[in-house]
Amino acid sequence: MALNRFARLSSTLRPAVTLTLRRNVGLSAVLFNKAKVLDPVQKLFLDKIRDYNGKSKATAGGIVDGGPAYQKTMAEEISKLERLYGGGDLTKFPEFVFQEPKLDEVAK
């Protein structure tokens, strides 16, 4: 009786156990790979990402490597758009207001 219950329980838990073991083996493989020395291309890629991350934190949400020439060009383009489209706040998404049309009932 107890053996039957154990066999039934074993058959229901087997997929969950195998899935857990598969995930753990996959995670262990990633962790062991981090311990190895990186490929030079991977190292260069990670260094560039870390460099960009530091620069983006330093600019506080602005454009990374956007010098005075970029700022000047951006100001000129914004002024062009303001002239073309009548001013307003160009950094804000426009709000649309749609009114319901007034429909007249037609007699049949």
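Let's start with one residue. Just after helix α2, Ala60 takes a positive phi of about 55°. Most residues other than glycine have a negative phi. Asp65 also has a positive phi, near 60°, and is not a glycine. Where is Asp65? Asp65 is in the loop between α2 and α3. Asp65 counts as exposed, with a relative accessible area of 64%.

A word on the ground rules. This is a predicted model, so local features need pLDDT of at least 70 and side-chain atom pairs count only at pLDDT 80 or more, while totals for chains, interfaces and linings use all residues. Residues are numbered from 1 along each chain as its sequence is written, and side-chain values use heavy atoms, with hydrogens and water left out.

Now the overall layout. How many helices and strands are there? The protein has 3 helices and 0 strands. The order from the N terminus is α-α-α. Helices here are DSSP runs of H or I with at least four residues, strands are runs of E with at least two, and numbering goes from the N terminus.

Take α2 as a check. Its 19 residues should span 27 Å at 1.5 Å a residue, and the end C-alpha atoms are 27 Å apart, which agrees. The expected span is 1.5 Å times one less than the number of residues.

Next, the surface. The protein exposes about 10800 Å², and carbon and sulfur atoms supply 63% of it. These areas come from the Shrake-Rupley method with a 1.4 Å probe, and for residues only the protein chains shown count as cover. Of the 108 residues, buried ones make up 1%. Buried means under 20% relative accessible area, exposed means over 50%, and partly exposed is in between, with a 1.4 Å probe and protein chains only.

Which residues form it? They are Ile63, Tyr70, Met74, Ile78, Leu81, Leu84, Tyr85 and Leu90. Together they have about 770 Å² of accessible area. Patch members have over 30% relative accessible area and no salt bridge; nonpolar side chains (Val, Leu, Ile, Met, Phe, Trp, Tyr) are joined within 5 Å, and like charges within 9 Å. Look at Ile78 in that patch. Ile78 sits in helix α3, residues 68-85. Its relative accessible area is 31%, so Ile78 is partly exposed.

On to charges. A search of the whole structure finds 6 salt bridges. A salt bridge is a side-chain nitrogen of Lys or Arg within 4 Å of a carboxyl oxygen of Asp or Glu.

Arg50 and Asp47 form a salt bridge, 3.9 Å from N to O. An α-helix has 3.6 residues a turn, so residues three or four places apart point the same way. Arg50 is exposed at 55% relative accessibility. Asp47 is partly exposed at 34%.

Lys55 and Asp51 form a salt bridge, with the closest N and O atoms 3.7 Å apart. Both lie in α2, 4 residues apart, about one turn of the helix. Lys55 is partly exposed at 32% relative accessible area. Asp51 is partly exposed too, at 38%.

One more bridge. Glu95 pairs with Lys92, the closest N and O atoms being 3.5 Å apart. Glu95 is exposed, with a relative accessible area of 65%. Lys92 is partly exposed, at 48%.

Last topic: aromatic rings. How many aromatic pairs does a search of the whole structure find? The count is 2. Rings of Phe, Tyr and Trp (its six-membered ring) pair if their centres lie within 6.5 Å; planes under 30 degrees apart are stacked, over 60 edge-to-face, and the rest tilted. The rings of Phe93 and Phe96 have centres 6.3 Å apart and planes at 80°, so this pair is edge-to-face. The rings of Phe96 and Phe98 also have centres 6.3 Å apart, but their planes are at 25°, so that pair is stacked. Together, Phe93, Phe96 and Phe98 form one aromatic cluster.

Buried or exposed? Phe93 and Phe96 are both exposed. Phe96 has a relative accessible area of 58%. Phe98 is exposed as well, at 73%.
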